[in-house]
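Visitor: I have a structure open and would like to talk through a few of its details. Could you take me through some of them?

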Amino acid sequence: MASRHSRQSVVERSTHAASSRATSLPSSRSSSPPKPQRLKHSIASSGFFQEPPKLGNQYSDDLAFQRALSFYLPSQLSRSREFQQDLFRLAQFATSKRVAGWIDDAEKNLPTLEGKNIAKEEILEVWGRQRGAGIDKNGKILKTSEGWKKLGEWGGREGVVAIGYEGEFGPYCRVVQFAKYYLYSPSSALQTCPLAMTDGAARLLYRQSQLSPRSHLPTTPSSHKPIHLPGETHGKPQPGAKQVFEEAYKKLISRGGPDDYERWTSGQWMTERPGGSDVSNTETVAVYSPVTSEEIGELGLQDGDNDALGPWVISGYKFFPSAADANMTVLLARTEGSNGLSAFYAPLKRKALAPIESDVEGEEFEKFLGEQETWNGVRIVRLKKKLGTRPLATSEIELDGMRGWMIGEEGQGVKAISTILNITRVHNSVNAVAFMRRGLAIAKAFAQVRKISNRALAHTPLHLRTLSHLETVFRAQLHLTFLAVSLLGFDEHPEYISNPPVVATSTQQYIMTSIQSEPPNYLLPANGPGAVRALFLIVTPLAKALTAKASIAALAECMESLGGVDYLENEEFGGMNVQRLFRDANVLSIWEGTTNVLAVELVKSLLRISDVTSGLRGFNVVGEWVEANLGMGYHLPSGETREILERCKVNAWSSWTHLERRIGSRSREDLVASGRELIAWLGYVVCAVLLIVDARRDGDIIALETCRRWVLEGFGRGGMFAAGGAEDGGQEERRGKEEKWGERAVMDYHMTFGERIEKKLGEPKL
């Protein structure tokens with residue numbers, strides 16, 4: 001019975017189910033069944049294509065840069081329509097298709113050495129030991145791309161070196177120069193390397209010629225005692241040296257226009273196999289051996305042809321010279337009987353003194369012969385292959401009979417070379433912040449067009465927080481860099497600090513009026529030119545060390561923010577290739593002294609006596625500068641803005657006094673051992689002072705928030721705690737802000753993009 005009942009139930013259920021399906025299905029007579037939806041797949045020519053990011057004008061879009069210029073320049077200059085239009089024009093051209101094409105050509109067509117026996121080129125291991133056959137010493141031609149040459153010519157025309165020497169802007173000439181350099185740098189394919197060395201060499205040769213009674217150089221003031229002009233060094237005459245230095249100087253500062261001198265660039269050859277920053281084991285040797293009158297006649301020259309031959313014969317091996325395509329170089333060498341190294345100037349080419357034997361053929365060699373020049377005892381052994389800076393001709397060079405002139409006193413070459421290093425380190429810092437800004441600009445442009453979950457990255461709180469953090473660090477580093485630039489300008493023009501010139505040009509009158517009615521927004525050290533120089537020698541290695549590290553880290557973040565697309569070479573991406581910037585930026589922490597080398601020099605500068613009369617040391621000058629600037633009055637009404645700035649001031653002063661006690665109580669060896677922490681700690685304090693003074697002048701909301709985050713939230717305190725600094729008081733400040741994540745996101749957007757985010761019904765559109 002149970003079985004029949006079960007079978008009956010099954011039948012009934014089946015019948016009922018069939019009946020239900022029949023009543024629910026549409027009638028075939030009333031309509032046809034729906035067609036199934038087909039999924040569409042993408043192919044190479046169709047589907048989703050990401051809208052490319054678009055860069056705006058890199059001057060008008062860069063609000064932080066504009067504000068920095070208004071801080072370090074008189075308002076009459078920073079607000080000048082002519083000045084702003086010039087920067088706008090330069091920025092527009094820097095991201096043009098033409099410049100992108102030059103960069104692409106420079107990156108694709110790298111420097112080469114050409115010659116018939118090129119297969120015999122030395123095969124060397126990384127440390128320089130030979131593992132292969134040698135090559136003929138004659139006839140090697142170094143070729144660089146047209147794009148590389150065009151980028152250099154462009155920089156020359158813009159005056160990215162010349163402005164520092166033309167005298168138009170007095171102590172502000174360096175700020176104006178580096179304002180243009182900042183816009184030029186990310187689009188230069190590292191032409192800024194030879195330009196930095198050119199700037200340093202020009203300054204050195206200028207100082208060489210100041211004692212010359214027949215000097216025709218511009219009367220650019222100098223804060224330094226001129227280096228001895230070596231018409232004769234220890235009884236070793238250098239006939240024609242004055243003329244040689246003056247002619248080289250004029251070419252180094254030329255813009256290369258039709259009415260200008262020929263434009264030159266310079267190398268700076270210090271590194272050898274025994275050491276880089278440590279030059280004490282230099283193996284290059286210079287021998288005093290002037291060419292005799294008989295030899296000059298035999299060579300077909302006339303007396304006075306000193307542009308062809310110098311009295312010193314230099315031989316040795318330089319392991320890492322960059323800018324092998326330069327016109328001249330400054331280098332170090334040993335001389336017999338001297339304990340120290342001496343500095344030398346030498347052109348890379350000289351007049352062809354005899355028939356040239358060469359294995360190079362064709363049109364290029366005919367042109368080479370027509371110029372009647374040959375290498376000045378220079379043999380490029382090989383070109384280096386590098387992570388970045390690829391268009392730059394970095395090489396190993398053998399010197400065999402190079403003719404040159406001694407610079408300064410015999411045995412005092414390292415002291416002479418410091419003039420170059422101080423300037424090239426400033427260049428390095430400006431390169432770093434310029435690269436950082438371009439990377440951020442690309443990352444921000446991408447965030448505005450890239451959508452995730454149907455929402456722009458620019459409206460994603462986590463992404464905004466990442467970008468705003470980078471923006472905070474960038475603004476602090478930008479201030480630190482242009483402080484170094486500004487101090488360089490005043491260091492080179494001490495007459496604008498004290499004892500104004502009796503007779504002033506109209507330009508000098510304008511500058512003096514600007515300083516008297518509107519001095520720099522920060523206070524210079526109070527004890528005159530000596531204190532300004534002491535502060536400059538502290539800020540320069542500090543800025544170089546911190547900006548290089550910050551730039552590398554920031555560009556890695558910017559590259560990551562674009563995902564895999566910016567890990568590619570992206571030649572077609574033109575000036576928006578963060579990967580190229582990242583590759584090139586990695587050299588910035590190595591060039592002109594590594595971080596550890598800079599830490600050692602910073603300690604020396606902090607402990608060095610800056611004023612013999614008072615006995616003040618470098619760190620005392622810093623302390624007086626910090627106290628004076630933090631103690632400046634307000635032009636703001638009472639309220640939340642002043643309360644925040646007061647808290648920032650107390651925090652910065654507390655951090656400095658703690659650091660000052662540490663510097664004053666520890667041994668030199670102890671300070672050097674913790675040199676990296678010292679760099680981070682001092683950098684935090686100096687940036688804090690600058691950000692406070694900047695925000696205090698008008699209460700600008702972004703300047704105020706940047707200051708609050710750097711000082712109170714501790715964005716700038718990295719490395720400080722390892723040095724034994726105060727506890728991180730920023731944790732509570734950050735925690736309070738993060739609890740109000742919506743307000744934080746709105747401010748992140750404002751800081752990152754320079755405008756308030758669109759709101760709807762009182763809520764942020766995030």
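Predicted model: local features only at pLDDT ≥ 70, side-chain atom pairs only at ≥ 80, totals over all residues.

Visitor: Let's start with helices H18 and H21, then: at what angle do they pack, and how far apart are their axes?

Guide: Helix H18, which covers residues 618-630, packs against helix H21, which covers residues 675-696, at an angle of about 25°, and their axes are 10 Å apart. Because angles under 35 degrees count as roughly parallel, H18 is roughly parallel to H21.

Visitor: And is the crossing left-handed or right-handed where H18 passes H21?

Guide: The crossing in which H18 passes H21 is left-handed.

Visitor: Which residues of H18 and H21 meet there?

Guide: From H18 the residues are Val622, Trp625, Val626, Asn629 and Leu630, and they meet Leu682, Val685, Val686, Val689, Leu690, Ile692, Val693 and Arg696 of H21. Sorted by kind, the residues in this contact of H18 with H21 are eleven nonpolar, one polar and one charged.

Visitor: Changing topic, where is Glu396, and is it buried or exposed?

Guide: Glu396 sits in strand E13, which spans residues 395-407. Its relative accessibility is 0%, so Glu396 counts as buried, since buried means under 20%.

Visitor: What does the side chain of Glu396 have a polar contact with?

Guide: The side chain of Glu396 is joined to the side chain of Tyr317 by a polar contact of 2.5 Å.

Visitor: What about Asp491: which helix is it in, and which side chain does it contact?

Guide: Asp491 belongs to helix H13, made up of residues 461-492, and with 2% relative accessibility Asp491 also counts as buried. Its side chain and that of Arg533 are joined by a polar contact of 2.8 Å.

Visitor: Last topic, the loops: where does Ala189 lie, and what is its phi?

Guide: Ala189 lies in the loop that runs between helix H7 (173-184) and helix H8 (192-209), and its phi is near 55°, which is a positive value in a residue other than glycine. Most residues other than glycine have a negative phi. Ala189 is also buried, with a relative accessible area of 0%.

Visitor: And which strands lie on either side of the loop with Ala323?

Guide: That loop is between strand E7 (312-318) and strand E8 (328-335). Ala323 has a positive phi, near 55°, and with a relative accessible area of 0% Ala323 is buried.

Note on methods
Residues numbered from 1 in each chain as written. Heavy atoms only, no water. Helix = DSSP H or I, 4+ residues; strand = E, 2+ residues; numbered from the N terminus. Buried < 20%, exposed > 50% of the residue type's maximum accessible area, 1.4 Å probe, protein only. Axes fitted to C-alpha atoms, helices over the stretch in contact; angles between N-to-C directions. Parallel < 35°, antiparallel > 145°, perpendicular 65-115°, else oblique. Left-handed = near helix turned anticlockwise from the far one by under 90°. Contact = heavy atoms within 4.5 Å. Nonpolar A, V, L, I, M, F, W, Y, C, P; charged D, E, K, R; others polar. Polar contact = N/O pair within 3.5 Å; in protein donor to acceptor, adjacent residues only side chain to side chain.
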